[in-house]
Every structure is written in C-alpha cells, then in structure tokens.
Amino acid sequence: MKNILVTGASSGIGAAVSQYLDSEGYRIIMAARNRDKMQDMADKMKNAPLIIPADLSEEDQIRNIFDTCKASDIRLNGLVHCAGIGKSMPVKGIRINEDIHEQMKVNAYSFALMGRFFSSKRYCDDHCSLIAISSMASESCITGHCGYASSKAAVNAMVKVMAKEFARRKFRVNAILPTYVDTPLLKGDMESVFGLDKKIEQIQPLGIIQPEAIAWLAEFLISDKGKYITGALIPVTGGAM
C-alpha cells in the first residue's frame, strides 16, 4: 500500500483527494490545522489514515510531519499539496507582510520545504510522485489577484525545478491548475470582493469544478498511469479561456 501525504486535508480539494485516494487503496497521511475535521473524515475512511495537525506557515511544523511519519515507520510514496490561502484586493491596497507574504508562506514556501524533506532518503523511497495544487490564476492574472497569482506562479516554477532536480531519484513532480472549484476558498473572500459570484458561469461555461474531479486527476498522476509525466502544469478550466 502506498503512503500519500495530503496537505490541506481538512476541507475543499484536500478533503476530496484524501477521501478518493483512500477509496482507491492508498494510506493517507492527513496534514492540516483542524484536527477535529480530519478526525471526522478519518472515522469514515477505510485505510487507517494518520492525522498530523500542522500549520504549514511554520517550518518546524512541516518538519514535524515528516518526523512523525518516520516515528510511525511510514515511508512516504507521494505528496498532494493542497494547502492554500487566498485574499483578493487591488494592488493599491496591498500590505506586503499581511497579504503577499502570508500567501507566499502557505502557498509557495511550504511546497519548497516539502520538496526539501522529500529529497531526503530519510523519509521516502525512490519513485515518488509530488503534486502541487496550483491555480490558473497564475496565468490569467485577473484583477485583484496580485498576491495569490504570484504565489501560485512561484509554485509552478518550483514544480519545474524540482522535476529536474529530483529526476535522479525517479521522482515525478507536477502541478494541477484549476480555475474555479467549489471550495470554501471560492465561497469566501475571493468570490465576493470583485463580484465573481455573478460572473463565474459566464467565465467558465462547463460550470464550477467539483473537488472530486481534481482528486481523480491527482490519483492518475500519483499512480503508474502517470508514470511518464513530470514537470507538467496541467490546466483544468471548465471551459474558461
């Protein structure tokens, strides 16, 4: 059984990925801030997931995820990095530390640290698959997404660098770039600030993407079905052009 670390596992895409991979026979290591939500999910999963509460803006808590896996005799085979935050605001209102820096810490810096620990044979075997949930915001760069778009663009660059550096261990590193997914992030600040709630169906004619659709693609990339794909930035757009 493969052991897959899923960050942001308590809600949204992370929850969908955790549940679907569990149903497909993977053992999930769930990392997120909300222990209670993860426990509620774990109680319904069949392969005894390991729950590790963690704030991914803190390096010592990221390290603890890997050390906890090692202490539990778990060798990791993959990562789906779903943790992320977003805040919409015009450039004229940006505060570097409170806005851009916070999004960079959670969305991008944490993925870089995940790569650092995965590169160590202390924690994982060869032939791992690492997946970052990025965003098409990194390419569309719409109004109000300066901090969010730049953090996801950083993730995209990290994916391509890691794909090259980790090839010696037969790692595959890819990113999934959705547009609007039915998650708490969409329903909160990012949906309302610029009136996106009134525009999404026009922008995305195939409809708001369900998180399960991202989970299906993640499983494809984790599995041997995606064994020749690395360094890819894969869009899931719902028809948005």
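## Two helices side by side

The axes of helices H4 and H6 come within 8 Å and cross at roughly 10 degrees. Axes here are lines fitted to C-alpha atoms, for helices over the stretch in contact, and angles run from 0 to 180 degrees between N-to-C directions. That angle makes H4 roughly parallel to H6 (under 35 degrees is roughly parallel, over 145 roughly antiparallel, 65 to 115 roughly perpendicular, the rest oblique). The crossing is right-handed, meaning that the near helix is turned clockwise from the far one by less than a right angle.

Ile100, Met104 and Phe111 are among the H4 residues in this contact, and Tyr148, Val155 and Met162 are among those of H6. Contact means heavy atoms within 4.5 Å. The contact residues divide into twelve nonpolar, six polar and one charged. Ala, Val, Leu, Ile, Met, Phe, Trp, Tyr, Cys and Pro count as nonpolar, Asp, Glu, Lys and Arg as charged, and the others, Gly among them, as polar.

## About the model

This is a predicted model: local features need pLDDT of at least 70, side-chain atom pairs count only at pLDDT 80 or more, and totals for chains, interfaces and linings use all residues. Residues are numbered from 1 along each chain as its sequence is written, and side-chain values use heavy atoms, with hydrogens and water left out.

## The sheet

Seven strands form an open sheet in the order S3-S2-S1-S4-S5-S6-S7, with parallel pairing. Strands (E, at least two residues) and helices (H or I, at least four) are DSSP runs, numbered from the N terminus. Two strands pair if DSSP finds at least two bridges between them. S3 (50–53) and S7 (233–236) are the edge strands, each pairing on one side only.

Strand S2 (residues 27–32) pairs with S3 over four bridges. Within this pair, Ile29 stands opposite Leu50. Helix H4 (residues 96–118) packs on the sheet and touches S1, S4, S5 and S6. Helix H6 (residues 146–165) also packs there, touching S5, S6 and S7.

Helix H1 (residues 12–23) packs against H10 at about 55 degrees, with the axes 8 Å apart. That makes H1 oblique to H10. Their crossing is right-handed.

## A link across the chain

The structure holds six salt bridges (a side-chain nitrogen of Lys or Arg within 4 Å of a carboxyl oxygen of Asp or Glu). One joins Lys2 and Asp224, with the closest N and O atoms 4.0 Å apart. These two residues lie 222 residues apart, Lys2 in the segment before S1 and Asp224 in the loop between H10 (211–222) and S7.
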